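Colleague: I want to learn how to read strands and pockets in a model. Can we go through one together?

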Amino acid sequence: MISSVGNGRIKRVVMLRDKSRARNREGLFLAEGVKMFEEAPLDRLREVYCGEGFWERVQSGDGIYKTIGEKLCACKDRGTLVEQVSEEVLKHTSDTQTPQGIVFVMEQFRHSLEEIVEKAVRRERAEGRAPLFLVLEDIQDPGNLGTMIRTGEGAGVDGIIMSKGTVDIYNPKTIRSTMGSLYRVPFFYVQELEEAIDFLQENHITVYAAHLKGERYFDEIVYGNGSAFLIGNEGKGLKETTADRADCYLKIPMEGRLESLNAAVAAALLMYQAAGYRRKIK
């Protein structure tokens, strides 16, 4: 059992939690919690740390802890490190006020823009399901990004494309907000968002910009083909150079004195509207 916060391995875990540079250098990230562990792909788990109390419940094999115990055994069988730690060490590594008893290191996911788009286009040809993408520019709030990923899974998006200025998807707050959707929704950071938009359009995917200058409301448009929605920074919105690349500006109707909605709420409305058309056409 590891009982010292000065342990070298624990210091590295904390570094992965706090430093995006360390995460990117090692190609790893830190996650925590029972649900996130339950849904974590076994082949991406590298290290698992269980608090003393959590370990005792796992050993008892009651309820959900039986399933957790079986997964921990599967981790060991694959050569994944599984280690018991003191409650002090667990709290030191956790990003929450009330840790759930388990933190773990995972290998990062690797996708490419071409892979994500081409897979969606192939599925359209095979199943008649129009591609659906979310394109994010400089989103800064980790909770917003995590919520968009989670909502994107619910709406059936084929992928999420992000500018290099968007918050790190492996930020612990983002990971928690995804509630496991991080494992299942393909995503990719691009150096130049304009080039990514061009690539979508070359593949016959219509790009819509959520913009205050939009002349048509989002629920007036027929989303018959593939769709991609541009969502801008929470405070500044989309850059004009980015918005100008869109095929169409659209807006969300506002009552009262509001000028805009929370970015994650706006993204949810747009994705589900297009998803509804996709189900009708199919």
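This is a predicted model: local features need pLDDT of at least 70, side-chain atom pairs count only at pLDDT 80 or more; totals for chains, interfaces and linings use all residues.

Colleague: What stands opposite Leu250 in E11 besides that?

Modeller: Arg216 does. Strands (E, at least two residues) and helices (H or I, at least four) are DSSP runs numbered from the N terminus.

Colleague: In which sense do E8 and E11 pair, parallel or antiparallel?

Modeller: Two strands pair if DSSP finds at least two bridges between them. E8, residues 205–210, pairs with E11 in the parallel sense over 3 bridges. E9, residues 216–217, also pairs with E11 in the parallel sense, over 2 bridges.

Colleague: Which residues of E11 are on the covered face?

Modeller: Cys248 and Leu250. Tyr249 and Lys251 make up the uncovered face.

Colleague: And which residues of H10 are buried?

Modeller: Buried means under 20% relative accessible area, exposed over 50%, partly exposed in between, with a 1.4 Å probe and protein chains only. In H10, residues 193–202, the buried ones are Leu193, Glu194, Ala196, Ile197, Phe199 and Leu200. Just after H10, His204 has a positive phi of about 65 degrees.

Colleague: Now pockets. How much space lies in the largest pocket?

Modeller: A pocket is an open set of points on a 1 Å grid over the protein atoms alone, where a 1.4 Å probe fits, with protein on both sides within 12 Å along at least five of seven lines; lining residues have an atom within 4 Å of a point. Volume is the space filled by probe spheres set on the points. Here it is about 610 Å³. The lining has 25 residues, with Ala210, His211, Leu212, Glu259 and Ser260 nearest the centre. Strand E11 (248–251) and helix H12 (263–281) each give two or more residues to that lining.

Colleague: How do the residues of that lining divide?

Modeller: Into 12 nonpolar, 7 polar and 6 charged. Ala, Val, Leu, Ile, Met, Phe, Trp, Tyr, Cys and Pro count as nonpolar, Asp, Glu, Lys and Arg as charged, the others, Gly among them, as polar.

Colleague: What volume has the second largest pocket?

Modeller: About 330 Å³. It is lined by 15 residues, and Asn24, Gln108, Arg110, Tyr170 and Tyr189 are the closest to its centre. E7 gives the most to this lining, with 3 residues.

How values were computed: Residues are numbered from 1 along each chain as its sequence is written. Side-chain values use heavy atoms; hydrogens and water are left out.
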